[in-house]
Amino acid sequence: MTTRQDARADYGEIRDEVKKLCARFPGEYWRALDRTQGYPTEFVEELTRAGYLAALIPEAFGGAGLPLSGAAAILEEIQKAGCNGGACHAQMYIMGAVLRHGSDAQKENYLPKIASGELRLQAFGVTEPTSGTDTSSIVTFARRDGDRYIINGQKIWTSRAEHSDLMLLLARTTPRAEVVKRTDGLSVFLIDMREAKKNGLSIRPIRTMMNHATTEVFFDNVPIPADSLVGEEGKGFRYILSGMNAERILIGAECVGDAKWFIDKATNYGKERQVFGRPIAQNQGVQFPIAKAYAQMRAAELMVREAATLFEAGEECGAEANMAKMLAAEASWAAAEACVQTFGGFAFAEEYDVERKFREARLYQVAPISTNLILSYLSEHVLGMPRSY
Ligand SMILES: Cc1cc2nc3c(=O)[nH]c(=O)nc-3n(C[C@H](O)[C@H](O)[C@H](O)COP(=O)(O)OP(=O)(O)OC[C@H]3O[C@@H](n4cnc5c(N)ncnc54)[C@H](O)[C@@H]3O)c2cc1C
């Protein structure tokens, strides 16, 4: 049973072990991959072998059975070490949908194999070219045909699809014109992409400003077995929503880790770099942005913990999870800015890793949910102001 205590636990031993693992993947490793937009296969394999990507899978299915805050500690340490958890973080929260809403057969069939690393569940297909923020407007359609569904449509920004065996897909099963609520008629499927690729599924990588292994996925009359459906047909939007708090808390923890990396880098460099015969960090103009980012990071860290505490106690945590993600993404960006300014020209040289982490950190104010939408959520659901869209 999880308790309020779990989110306050520091997971010192796990953090130390993650730190040791990450030390084997220094800046040179990530820089080389960044140049070619390569996937960090060895890093992901090591995390899998060590059991970290199965942190949230219950012990009964071969995972570590940690509470959410344990997974948050792992991801925070990865980012804090200068590595990039974006290569694999989705595996931690995607499987929550299978765990909460999947059939016994799906759980027994997939979770032990995901926990052991035999199968990778890294791809989450929600966003489409014409529907990002407005998930309910997706048009990818799964049509029931006897004991199978036939899928047609296109997803975009499906990260890690080329490095995953399974995909959790959100598709329409009832046309939008035929449902009362726009969020009805959407369904979630757990798809075996190895089979689907032989039958009409194709993947096209998208080059991005940072190395993220993201793709477009095309479905051209792709047949999938009817038992790929997760939970009940038409209730998929709710299932996806139920995983979003976990996703936001984990992304928040990653951003806190990024902020710590930037603050550490900036502080050390500022103390060493001599200009006008004294360390640049002796100047308040250099100190203050770093100190301010530190204060922002600490506040975000507390909000991540508060959100995780509520989540683990099974209490409502939508506001806290959203605020945690927003504050942490802003803190990591403030720290990134301060770090660039502290490094001056050297920030732009590849070998210091600052420019790489700077590019990577920017994403989290846009995805998986943008700051504007979090502010809209707070305005409407916490402060009771009229819905703006
Ligand atoms: C690198 C990367 C990886 C990703 N990985 C995945 C993945 O694995 N799976 C997946 O499904 N998706 C993924 N996404 C998609 C991501 O979740 C979307 O980009 C995000 O939800 C925003 O959607 P959009 O880009 O279509 O922006 P849009 O919805 O077009 O919005 C554009 C801008 O308008 C603002 N906006 C829109 N509506 C409003 C409003 N009502 N009020 C105020 N502002 C508004 C938004 O805040 C945003 O800044 C990824 C994206 C990126 C860039």
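User: Before we start on the ligand, where do the domain bounds come from?
Analyst: The domain bounds come from an automatic or database domain assignment, and the model itself is a predicted one.

User: OK, so which domains does the shell around the ligand draw at least three residues from?
Analyst: It draws at least three residues from domain 2, which covers 122-232, and at least three from domain 3, which covers 238-382.

User: How many residues surround the ligand, and which are the closest?
Analyst: The ligand is surrounded by 23 residues, and the closest of these are V126, G132, T133, W157 and S370.

User: And how does that shell divide into nonpolar, polar and charged?
Analyst: The shell around the ligand has 10 nonpolar residues and 13 polar ones, while no charged residue takes part in it.

User: Switching topic: where does E162 lie?
Analyst: E162 sits in the loop that runs between strand 3 (148-156) and strand 4 (166-172).

User: Which residues is E162 in contact with, leaving aside neighbours within four places in sequence?
Analyst: With those neighbours left aside, E162 is in contact with I203, P205, A213 and T215.

User: How far apart are E162 and P225?
Analyst: E162 and P225 are separated by 63 residues in sequence and, going from C-alpha to C-alpha, by 21 Å in space.

User: Now the whole chain: how many helices and strands are there?
Analyst: The protein chain holds 13 helices and 10 strands, and buried residues account for 48% of its 389 residues.

User: What does the radius of gyration look like for the protein chain?
Analyst: The protein chain has a radius of gyration of 21 Å, which agrees with the value near 21 Å that a compact globule of 389 residues would have; along the principal axes, its C-alpha trace spans about 80 × 45 × 40 Å.

User: Last one, what span does helix 10 reach, and what follows it?
Analyst: Helix 10, residues 284-312, has 29 residues and reaches 41 Å from its first C-alpha to its last, close to the 42 Å expected at 1.5 Å a residue. Helix 10 is followed by G314, which has a positive phi near 75°.

Key. Residues are numbered from 1 along each chain as its sequence is written. This is a predicted model: local features need pLDDT of at least 70, side-chain atom pairs count only at pLDDT 80 or more; totals for chains, interfaces and linings use all residues. A residue is near a molecule or strand if its C-beta atom, placed from the backbone, lies within 6 Å of it. Ala, Val, Leu, Ile, Met, Phe, Trp, Tyr, Cys and Pro count as nonpolar, Asp, Glu, Lys and Arg as charged, and the others, Gly among them, as polar. Helices (H or I, at least four residues) and strands (E, at least two) are DSSP runs, numbered from the N terminus. Two residues are in contact if their C-beta atoms, placed from the backbone, lie within 7 Å. The radius of gyration is taken over C-alpha atoms; the globule rule is 2.2 Å times the number of residues to the power 0.38. A residue is buried if 20 or more other C-beta atoms lie within 10 Å of its own, exposed if 12 or fewer, and partly exposed in between; C-beta atoms are placed from the backbone. The expected span of a helix is 1.5 Å times one less than its number of residues.
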